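User: I would like to learn how to read the features of a structure like this one. Please take me through them in turn.

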Amino acid sequence: MFIGTFEHNIDGKNRVFIPAEFREELGQSFILKLYPSKKFPSIQLYRKQDYKEKTQPAMIGRPHPDKMRDALAMSFLAANSTACDSHGRITINPTIGKRAKIEGKCIFVGFGEYIEIMSPEVYDSYIEKLYDDNEQYEQAFSQEAEAYREMTAEGKFIDMQQNSVDGVE
C-alpha cells in the first residue's frame, strides 16, 4: 500500500528519485500515466497488475465507438511502462511533465493503490480543496448532530434498524 507524501527535485535531464518507501512496492517495472485534469493534473504510477485490472473495464462493453475510443485514450494515450534506473530515478517525459505542470520540484503522494506525482502548486490547491470539502462535511455533520440532540431532548429516538423515529405521531 502506498502511503505518505514526499517532495523531490527534478534534475536537468527530467529525472526524479522515486521515494525508497515506494520503490519496492512498485516493483521492477511499472506504469507511468498522465492524469489529465484542468484543476489538478498529475502523473500517476501504478503496479502493472493493478493497472491491468483498472483498465480492463475500458476495453469491454462500450457500445459507441467514440466512447470506447475516449475510454481507451484516458487509459492509454499518455501512459507507458517504465522502470527506475540503478539510482532509483525515473525520467519524466517532457510532454507529460508539461501537461502535469511539473517542473523543477514535485511531490509524491501515496493514494493506497497508486502514487500521484504533483507540482507543489497543484498539491497546495488540492489540499485547499480537501480542506474546503472537509469544512462542508463538518458543517453538515454538525447540523445532523444538532438535529439528533434536539430529537433526543424531545424524547424522540431513532431506531436505526427500522429507520423510523419513535415518539413521533
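This is a predicted model: local features need pLDDT of at least 70, side-chain atom pairs count only at pLDDT 80 or more; totals for chains, interfaces and linings use all residues.

User: What is the order of the strands in the open sheet?

Analyst: Strands of a sheet pair through backbone hydrogen bonds, either parallel or antiparallel. Helices (H or I, at least four residues) and strands (E, at least two) are DSSP runs, numbered from the N terminus. Two strands pair if DSSP finds at least two bridges between them. Here six strands form an open sheet in the order β1-β7-β8-β4-β3-β5, and the pairing is antiparallel. β1 and β5 (79-83) are the edge strands, each pairing on one side only. On average, neighbouring strands of this sheet are turned by 25° against each other, direction ignored.

User: How many bridges join β3 to β4?

Analyst: Six bridges join these antiparallel strands. β3 and β4 form a hairpin, with six residues between them. Y35 has S42 in β4 as its bridge partner. β4 is also joined to β8, by three bridges and again antiparallel; there L45 has I115 in β8 as its bridge partner.

User: Which residues point each way from β4?

Analyst: In a regular strand the side chains alternate between the two faces of the sheet. From β4, S42, Q44 and Y46 point one way and I43, L45 and R47 the other, and all are buried. Buried means under 20% relative accessible area, exposed over 50%, and partly exposed in between (1.4 Å probe, protein chains only). Six of the six residues of β4 are buried, so this strand is largely enclosed by the rest of the structure.

User: Which residues of helix α2 are buried?

Analyst: An α-helix has 3.6 residues a turn, so residues three or four places apart point the same way. In α2 (residues 48-55) the buried residues are D50, Y51 and T55. Seen down the axis of α2, these buried residues fall within an arc of 120°, so they line one face of the helix; the arc is that of the directions from the helix axis to the C-beta atoms. The face of α2 turned away from its buried side carries the exposed residues K52 and E53.

User: Which residues touch the most other members of the largest nonpolar core?

Analyst: A nonpolar core is a set of buried Ala, Val, Leu, Ile, Met, Phe, Trp, Tyr and Cys residues joined through side-chain atoms within 4.5 Å. The largest one has 20 residues, of which I43, L45, I90, F108 and I117 touch the most other members. The elements giving two or more residues to this core are α1 (20-26), β3, β4, β7 and β8, and the largest share, three residues, comes from β3. Apart from this core lies another, of six residues, among them F40, V109, V122 and Y123.

User: Which residues are linked in a network of salt bridges?

Analyst: A salt bridge is a side-chain nitrogen of Lys or Arg within 4 Å of a carboxyl oxygen of Asp or Glu. By this rule the count comes to seven. E25, R47, D50 and E113 are linked in a network. E25 pairs with R47, the closest N and O atoms being 2.7 Å apart. E25 lies in helix α1 and R47 in strand β4, so the pair ties together parts that are 22 residues apart in sequence. D50 also forms a salt bridge with R47, at 2.7 Å from N to O. R47 is buried at 16% relative accessibility and D50 at 17%, whereas E25, at 34%, counts as partly exposed. In another salt bridge, D11 and R15 have their closest N and O atoms 2.8 Å apart.

User: Is M1 buried or exposed?

Analyst: M1 is exposed, with a relative accessible area of 64%. M1 is found in the segment before β1 (5-9). Contact means heavy atoms within 4.5 Å; leaving out residues up to four places away in sequence, M1 touches E25, R47 and G112. The C-alpha atoms of M1 and G110 are separated by 8.0 Å, although these residues are 109 residues apart along the chain.

Note on methods:
Residues are numbered from 1 along each chain as its sequence is written. Side-chain values use heavy atoms; hydrogens and water are left out. Axes are lines fitted to C-alpha atoms, for helices over the stretch in contact, and angles run from 0 to 180 degrees between N-to-C directions.
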